[in-house]
Protein chains: 2
Amino acid sequence: MPSVTVENYLKTIYLHQQRRPREELVPMGELASAMSVTPGTATSMVKNLSDQELVDYEPRGGVRLTRTGDKTALQVLRRHRLVEVFLVEVLGLDWAEVHDEAEELEHAISDKLLDRLDAFLGYPEFDPHGDPIPSAKGMPKAAELVDIVEAPQGRAMRVARIKDQDPAFLRFLERCGLTPGQLVTVTGRDAVADAVTVHPDGKDPVTLGTSAGRKIMLRPASQRR
Amino acid sequence: MPSVTVENYLKTIYLHQQRRPREELVPMGELASAMSVTPGTATSMVKNLSDQELVDYEPRGGVRLTRTGDKTALQVLRRHRLVEVFLVEVLGLDWAEVHDEAEELEHAISDKLLDRLDAFLGYPEFDPHGDPIPSAKGMPKAAELVDIVEAPQGRAMRVARIKDQDPAFLRFLERCGLTPGQLVTVTGRDAVADAVTVHPDGKDPVTLGTSAGRKIMLRPASQRR
DNA sequence: TCTTTTATTTTGATTTGTCAAAATTCAATC
DNA sequence: GATTGAATTTTGACAAATCAAAATAAAAGA
C-alpha cells in the first residue's frame, strides 16, 4: 500500500496536471511548492515514485502520472471528496472547513468503509465545492464550465464549482451567496480595473478581481449538470 | 502533536495497565508483543516517551503512563470508541469489523470533528463492545462487572462488555446471542472440563471454555448500567 | 553459590521522508 | 560566444521507527 506521503504526492501531481494543457509535464518546482517541501526533496521523492512506476519522470522536464499513478490519485480524490460530502451533509460542518478535515481522513478509510459511505450518501456525484467525485471506475467526463471572467454577460448561469479550498475565500463566497447551485448573472467586466461584477439571484451584486473570478466556475442555468 | 506511533504506544500501555493490579508496571516484553515490535524497539521507544514525560520508565521494571500520557491515551480511546459507535449505528457496519477501521480513523479526527460526531451520536457512553467512552474530562468510573466464569449461577444477568476485538470471536458471540445488552443466565460451571455454560434469553445455551468466558463481562440484570 | 534461563537493553544498520547548501544544466541576455 | 540567472539535481546529514544480534541483568535451579 502506498504511504500517506506517496498518496499526497500523487494527488498533488494529478491536480496540477489538470490545470495545464494536455500531456504537459508538471515542473518540479511547482510540485515542490505545492507539497511545501524543498525542490531537492521533490526530486528525490519523484525518483522514488518513478521506480515504483507511479509516475513518468523526465529529468529537468517534470513529472506526469502513469496509468497506475493516475488510478491511485483518483482513489485518494474519491475518498477525499466523499468524506467532504459526509462532513457537510451528515455532520453539518461548514463547507469552508471540511477540506482540511478530509485531508487527514482520506488516508484512513478502507475500501469497504468507503463503499458503505458512498451508498449511505446516495452515490453523490459532486462534493460541496462542486468538484466531481471519481467513481470506482475513474473520473467522470467533466462538463465544460466557464469561469466568471470568461462567462457571457447577462445570461442566467449557475455556480458549478469553486476551484480554491481556502477557508477565508470560501466563507467570503458564502457571505456573498456564491455557493454551488446558486443562480447568478455576470453583469459587467472592467478590463482596466481588472474586475468583474456578478449578481447572485436574490442577493447584492459583487465585484471581484479577475484572479478571484477565475476560481468560480459557472454553467448555463439551463444545463442540468 | 504526538505521532500516530506515539498515540498507539500510549493507548496500548493504557490498556495493559488496566488489566493489571493498581500501580503495577507494564513489562517491556508485554508491550513489545502487543505492539508487534521487537523488544529492543519497545525499549528505545519507551525511552523516547519518557523523555517527553509521557511515561515513567523503570529500566528492567517496565512502564507506566504519567498524568499527561494518560490524558493523551484517553483522547485516543475516546476517538476510537466514538468512531466505532458511528460505524455501527450510522453506517451499519458489522460490530465485528469496526475495531480495525477505527484503529486507523482514531488518528485522523480533529477535536472539532470529534465534538460534532459526539453530539450527532447523542453523547453515547459505551461503544458497540460495551467499552466505556471517555469524556473530554476523563474515563467514567467503571461499574463493577463480573465475567461469565465468576458470575453467580442462576441469576438474571446482562452482557455488559466484551474484552476482545477479534472479529472471529465477535462473530461467534453474535451467532450465540451473546452481544452487549443481552439478558443471560449462567447455568453451570465445570471445573474439570474448564468450561462454563450460559443461557442467553430466547436462545440456546452455550458452553464456553473459561478463557473465552473471561472475555465476556456481565452485570446484574437489575442494574441500569 | 554457581550455572542456566529468560527478560531486557545495547549496538549498529536500515528505510522513509526531509533539509541545506553546493553543483549542474539550460535558457536568456549581453 | 561568454555570462548571468533560474530551475533542478546532487550530496551529505538528520530524525523517526524499526530490526537483528550481541551484551547484560535478574531470576530460577541445582
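This is a short talk about how the two chains of one structure meet, and about a few residues inside each chain.

Hi everyone, and thanks for coming. One thing before we start: this is a predicted model.

Let's begin at the interface. Here 18 residues of chain B are in contact with 18 residues of chain A. As some of you will know, the size of an interface is often given as the accessible area lost when the parts come together. For chain B and chain A that buried area is about 1600 Å², with 66% of it on carbon and sulfur atoms.

Which elements build the side of chain B that touches chain A? Those giving two or more residues are helix 4 (67-89), helix 5 (98-105) and helix 6 (111-120) of chain B. Helix 6 of chain B supplies the largest share, with five residues. If you sort that side of chain B by residue type, you get eleven nonpolar, two polar and five charged.

The number of salt bridges between chain B and chain A is two. One that you can find on screen joins the side chains of A:Lys112 and B:Glu97, with 3.1 Å from N to O.

Side chains of opposite charge can pair when their charged atoms come close. Over all chains, the structure holds 24 salt bridges.

B:Arg20 sits in the loop between helix 1 (4-18) and helix 2 of chain B, while B:Glu30 is in helix 2 of chain B, so the pair, ten residues apart, is listed as linking distant parts of the chain. B:Glu30 counts as partly exposed, at 24% relative accessibility. B:Arg20 also forms a salt bridge with B:Glu24, where the closest N and O atoms are 2.6 Å apart. B:Glu24 is partly exposed too, with a relative accessibility of 34%.

Next is B:Asp115, which pairs with B:Arg78 in a salt bridge whose closest N and O atoms are 3.9 Å apart. Are the two partners buried or exposed? B:Arg78 is buried, at 9% relative accessibility, whereas B:Asp115 is partly exposed at 46%. Over in chain A, there is a network of salt bridges linking A:Lys11, A:Glu103 and A:Glu106.

Let me turn to two buried polar residues, starting with A:Thr66. You'll find A:Thr66 in the loop between strand 2 (62-65) and helix 4 (67-89) of chain A. Because its relative accessibility is 14%, under the 20% cut-off, A:Thr66 counts as buried. What does its side chain reach? A polar atom of the A:Thr66 side chain lies 3.0 Å from the backbone oxygen of A:Leu54, and the side chain also reaches the backbone nitrogen of A:Gly69 at 3.1 Å. Setting aside residues up to four places away in sequence, A:Thr66 touches A:Glu53, A:Leu54, A:Val55 and A:Asp56.

The other is B:Gln182, in the loop between helix 7 (167-176) and strand 5 (183-190) of chain B. B:Gln182 is buried as well, with a relative accessible area of 18%. Its side chain reaches the backbone oxygen of B:Asp201 at 3.1 Å. Beyond neighbours within four places in sequence, the contacts of B:Gln182 include B:Met157, B:Arg158, B:Val159 and B:Pro200.

A:Ser36 has a phi near 55 degrees, a positive value in a residue other than glycine. A:Ser36 is in the loop between helix 2 (28-35) and helix 3 (39-51) of chain A, and at 67% relative accessibility it is exposed. In chain B, B:Ser36 has a positive phi of about 55 degrees. B:Ser36 lies in the loop between helix 2 (28-34) and helix 3 (39-51) of chain B, and it is exposed at 66%.

Last, the domains. Chain A divides into domain 1 (4-65) and domain 2 (146-220), whose C-alpha centres lie 31 Å apart.

That's my tour, and I'm happy to take questions.

Methods: Residues numbered from 1 in each chain as written. Chains lettered and ligands numbered in written order. Predicted model: local features only at pLDDT ≥ 70, side-chain atom pairs only at ≥ 80, totals over all residues. Heavy atoms only, no water. Contact = heavy atoms within 4.5 Å. Buried area = accessible area lost by both parts, 1.4 Å probe. Salt bridge = Lys/Arg side-chain N within 4 Å of Asp/Glu carboxyl O. Helix = DSSP H or I, 4+ residues; strand = E, 2+ residues; numbered from the N terminus. Nonpolar A, V, L, I, M, F, W, Y, C, P; charged D, E, K, R; others polar. Domains from an automatic or database assignment. Buried < 20%, exposed > 50% of the residue type's maximum accessible area, 1.4 Å probe, protein only. Polar contact = N/O pair within 3.5 Å; in protein donor to acceptor, adjacent residues only side chain to side chain.
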